[in-house]
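This briefing gathers computed features of one protein chain for a reader who works with coordinates. Please look over the sequence and the model before reading the points that follow.

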Amino acid sequence: MKLHLKSLFLLLFLLMITAGYGKQKPYFKMRGAVLSVPDLETADWPRIAFENGINTLGTHITPDQVLRFWESEKGRKFQADCRKYGIEVEHQLHSMSILLPRNLFAVDSTMFRMNEHGRRTADFNCCVSSARALDTIASRALYYARHLPATNHRYYLWLDDCSLTCQCPDCSHLTASEQALVIENRMIEAIRTYDPKAMLAHLAYMPTLQAPRKVKPHKGIFLEFAPVHRRWDKPITDSTAYVREMGNNAKNLTYLKENLEVFPAKTAVVLEYWLDVSLASRYKKPAIELPWHGDVFRSDIETYASMGIRNITSFAVYMDSTYFSTYPNAYYLKEYGDALASFRPKKAGRKTKR
């Protein structure tokens, strides 16, 4: 009887190992890459992602452009291939001029921002004190959420990435981050009528790096931190790596820390540029080969993990079929995906509160 029980326990133990019990899950839940439509149309990114340990693909650049691709034959194949390989799909989109079309200025100029000279202008963003503007933006955000669903329930509908915000008497006391959050709060309310699990990004990028204080995020808003002003040949912790717009690399971490006092770290996404060929090529083709700094990348993900970040993605724009035929030895994709999938933090990330 004792022998029989021992054999049974041994069999159960072997079955648990086979089923993956006791196997530690990857620390980084999202291990992503963000691609433009031409990249996705010409390169087999679902297969590339699967083979390189990348579990999330983000489409880019604008809602209308991505929607045309999404509904095309190539777009349907992309969706089917992502399902086949178990790849999550989200859409990281420059959206404001689509959500609040500029031609509506002729209908109601008060929906648009007031500049520092007291004049309404349809150049960028909107007046966040205009209920009509917020209703229009929310309605169109819901439309694109319905037509461009995210398999991971994460939505990204970015404002214009400039410092030009509304300076009318009702808005001027709000920072760029706070004005952005007013709009995002209204959008998530609308999107959740379609997708109750929806989450919407608050993009901390250039003028919105400063953490919002006067406006609080609604349920479902998560932080997306994009440190575009830095050097990628030096770790983000390097306070001697001078950056004209930022001061130095490490100043980015001051902004990240402040934002994590407002938004929870467990849902936050870091959007990096380690794989961004378009940035390295100064947004001109033909593209140069990616200047990859693996030691910096590994240092950076250790830093982000120490702050409790569990979701990492990177622009990889310009990695299309021409790029891969010109530079076939894209070893850095494997290094990127494998390092994120196998990462184990040296220290547990600190807990943050709303």
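In which loop does Tyr 318 lie? The model is a predicted one, and in it Tyr 318 is found in the loop between β10 and α12, the latter covering residues 321-326. The points below begin with the overall chain, pass to the barrel and then take up salt bridges and backbone features.

**Overall chain**

- The chain contains 13 helices and ten strands, and 54% of its 354 residues count as buried.
- Taken along the principal axes, the box filled by the C-alpha atoms is roughly 85 × 50 × 50 Å.
- Among the contacts in the chain with a separation of 6 or more, 75% are accounted for by residues 24 or more positions apart.
- The accessible surface of the chain comes to about 16900 Å², and 55% of this area belongs to carbon and sulfur atoms.

**Barrel and packing helix**

- Eight strands form a closed barrel with parallel pairing, in the order β1-β2-β3-β4-β5-β6-β9-β10, and the twist from one strand to the next averages 30°.
- Helix α8, residues 176-191, packs on the sheet and touches β4 (154-158), β5 (199-204) and β6 (221-225), while the direction of α8 makes about 170° with that of β5.
- Strands β9 (residues 269-272) and β10 (residues 311-314) pair in the parallel sense over four bridges, with Val 269 standing opposite Asn 311 in β10.

**Salt bridges**

- A search of the whole structure finds 15 salt bridges, including one between the side chains of Arg 213 and Glu 261, at 3.4 Å from N to O.
- Because Arg 213 lies in the loop between β5 and β6, whereas Glu 261 lies in the loop between α9 (251-259) and β9, this pair ties together parts that are 48 residues apart in sequence.
- Arg 213 is partly exposed, with a relative accessible area of 40%, and Glu 261 is likewise partly exposed, with a value of 43%.
- Arg 47 forms a salt bridge with Asp 44, in which the closest N and O atoms are 3.2 Å apart, and a network of salt bridges links Asp 44, Arg 47 and Glu 51.
- Arg 47 counts as partly exposed at 30% relative accessibility, as does Asp 44 at 31%.
- The side chains of Arg 231 and Asp 233 also meet in a salt bridge, at 2.9 Å from N to O; Arg 231 counts as partly exposed at 30% relative accessibility, and Asp 233 counts as partly exposed at 34%.

**Backbone features in loops**

- The peptide bond from Lys 285 to Pro 286 is cis, with omega near 5°, and Pro 286 lies in the loop between α10 (277-280) and α11 (294-306).
- Tyr 318 has a positive phi of about 85° although it is not a glycine, and because its relative accessible area of 13% is under 20%, Tyr 318 counts as buried.
- His 153, in the loop between α7 (131-147) and β4, also has a positive phi, near 65°, in a residue other than glycine.
- With a relative accessible area of 27%, His 153 is partly exposed.

Notes:
Residues numbered from 1 in each chain as written. Predicted model: local features only at pLDDT ≥ 70, side-chain atom pairs only at ≥ 80, totals over all residues. Heavy atoms only, no water. Pairing = 2+ DSSP bridges. Helix = DSSP H or I, 4+ residues; strand = E, 2+ residues; numbered from the N terminus. Axes fitted to C-alpha atoms, helices over the stretch in contact; angles between N-to-C directions. Contact = heavy atoms within 4.5 Å. Salt bridge = Lys/Arg side-chain N within 4 Å of Asp/Glu carboxyl O. Buried < 20%, exposed > 50% of the residue type's maximum accessible area, 1.4 Å probe, protein only. Areas by Shrake-Rupley, 256 points an atom, 1.4 Å probe, with all protein chains shown as cover.
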